[in-house]
Amino acid sequence: MTTRTTTRRTVLRWGAAVSASLVVPSAGVAGFVWAGAGRGNVGTLTFRNRLPIPPELDASPGAALTLRSGESRLLPGPRTPTWGANGSILGPTLRARRGARVSVAVTNRLPETTSLHWHGMHLPAIADGGPHQPIAPGATWRPTWTIDQRAATLWYHPHLHRTTARHVYRGIAGLFLIDDERSDTLPHDYGVDDIPLIVQDRNFTRDGRLDEANLGFGGLATTGLLGDTILVNGGYDPFVEVVTRRVRFRLVNGSNARVYSLGFTDHRAFTLVATDAGWLETPVRCTRLRLSPGERAEIVVAFDPGERVVLRSFAPRLGGNLLTQRLAGGDDTFDLVQVRAAATLRPSPAVPERLTTGVRRPAITVPEPFRLDLGEFHLNGAVLDHGRIDRRVAAGSVERWEIRNPGQNVHNVHVHGASFHLLDRDGAPPPEAERGEKDTVFVPANSAVTLAVRYGTHVDARSPYMYHCHLLAHEDAGMMGQYVVVGPGAVARAHRHGE
Ligand code: C2O
Ligand code: CU
Ligand code: CU
């Protein structure tokens, strides 16, 4: 009973804050909103620091992550207190091959309880690391599972309800790369021609600390925190040297709320080879790539000897009205990292014309679609209740999700323990860059998207998987639901009892 009352009041308070801010901006606010061409950092960087490359760590039995606090040299000037895994900021790049048995001991040396979630991993819910697997200070959590999915760029981050935004913002996140028998057909020399780029925006106080002032949302900040300083792999103002003709970049949007539209300053075309859940069937040529929080992409870019070019985020289109576009960062342009090509470049094989097979979207097996309305800031009118299982789904089934975002806020949807294909975006076939397998989908303001979600096969009626908006302030506010995977008979029984 108490939970319900609190929940209700909280939703009302947010609703009030949002409508007030969107409908009657004061003169001062209007000045801020409409002046100039958005924020950004173009022209302010000198690309003076070598891009940090997180060390690799084999995720086989014996692998250990220790979450701890520390200090990082980020901006010029004083060091910044940050959190990290096995270091002071971010964490190692875990790696495992398809079919391998994985085991990671996660020890929490932070001053508060947290959790560590393997975003994009198909694994038993008990090993997922969501809000149901908290790790108390001083405790060690030891999930084990078998890698049962294609090569992909996954990532890990804390996922405790109400503190995810803060824990990720302070620096805990890392990559989890899965390799399979095809992995060697694309550039794969880690840190040389296979380079991770974890992109995160931050705000700093004058004395060089991470500014946590707008981690939540309210008033004008309906997305949660948008930072004016970009870190890539936990490094500020970075450049990276490349020594091969073609380079694969693994892009991860590890930001709390910011959406990026990535491209190069000379507008060169690049080749998209993978999205969240793995390789595309055929590569896609593009000049821009939109990534919302939690999404990943792998691109292959060709360079000429001796050239320099900057990877930039051009103002992304976020849907909705002009105010939404401005307030959610849709007018902001950021330089991310400068690429410096060596005077002579080693040859690289061309990207194969066909990357993989067998990733076609599966046929829907569940008769009724699941309708998911994204509200401000709840799902189908409800906020998360840990004790309430929102959905029971049959192991291995494929369900049609009809997602609508009728409002003026920007959201996305991430589903744990599953991956999906887009069936349409606003009634039209999805853009080519979104035709691969994914686990997170952007849902701009005032838009709709339809998915075919294929559930995992690990039956466990007691341990839920989460689905939620991956704007971390929204997620922390309870814009999250939970489902359990059960045997087909159990779903039928639940329907008969009107659950
Ligand atoms: Cu990236 Cu539920 O998480
Ligand atoms: Cu996830
Ligand atoms: Cu949201």
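Tutor: Start with one side chain: that of His-414 makes a polar contact with the side chain of His-119, at 3.4 Å. A polar contact is a pair of N or O atoms within 3.5 Å; within protein, one must be able to donate a hydrogen and the other to accept it, and residues adjacent in sequence count only if both atoms are side-chain atoms. This is a predicted model, in which local features need pLDDT of at least 70 and side-chain atom pairs count only at pLDDT 80 or more, while totals for chains, interfaces and linings use all residues. Residues are numbered from 1 along each chain as its sequence is written, chains are lettered from A and ligands numbered from 1 in the order in which they are written, and side-chain values use heavy atoms, with hydrogens and water left out.

Student: Where does His-414 lie, and is His-414 buried or exposed?

Tutor: Helices (H or I, at least four residues) and strands (E, at least two) are DSSP runs, numbered from the N terminus. His-414 belongs to strand S27, residues 411-415. Buried means under 20% relative accessible area, exposed over 50%, and partly exposed in between (1.4 Å probe, protein chains only). His-414 is buried because its relative accessibility is 0%. Contact means heavy atoms within 4.5 Å; leaving out residues up to four places away in sequence, His-414 touches several residues, including His-117, Asp-439 and Tyr-467.

Student: Which residues coordinate the copper ion (ligand 2)?

Tutor: Donors are N, O and S atoms within 2.8 Å of the metal (3.2 Å for Na, K and Ca); water is not among the atoms, so sites may look incomplete. Here the copper ion (ligand 2) is coordinated by NE2 of His-117 and NE2 of His-414, at 1.9 Å. The two residues are 297 residues apart and link distant parts of the chain, with His-117 in strand S7 (residues 117-119) and His-414 in strand S27. Both are buried.

Student: What coordinates the copper ion (ligand 3)?

Tutor: His-411 (ND1), Cys-469 (SG) and His-474 (ND1) do so, at 2.0 to 2.1 Å. The spacing of these donor residues in sequence is H-x57-C-x4-H. Because His-411 lies in strand S27 and His-474 in helix H5 (residues 472-476), the pair ties together parts that are 63 residues apart in sequence. His-411 and His-474 are buried.

Student: How many salt bridges are there?

Tutor: A salt bridge is a side-chain nitrogen of Lys or Arg within 4 Å of a carboxyl oxygen of Asp or Glu. The whole structure has 32. One of them joins Arg-425 and Glu-434, whose closest N and O atoms are 2.7 Å apart; both residues are buried. Asp-390 and Arg-388 also form a salt bridge, with the closest N and O atoms 2.7 Å apart. Asp-390 is partly exposed, at 30%, and Arg-388 is partly exposed, at 28%. A network of salt bridges links Asp-276, Glu-295, Arg-296, Lys-438 and Asp-439.

Student: What should I look for in the backbone?

Tutor: Most residues other than glycine have a negative phi, and most peptide bonds are trans. Asn-86, though not a glycine, has a positive phi of about 60 degrees. Asn-86 sits in the loop between strand S4 (80-85) and strand S5 (93-97). Leu-90 is in the loop between S4 and S5, and has a positive phi of about 55 degrees. With a relative accessible area of 40%, Asn-86 is partly exposed, whereas Leu-90 is buried, at 3%. The peptide bond from Glu-376 to Phe-377 is cis, with omega near 0 degrees.
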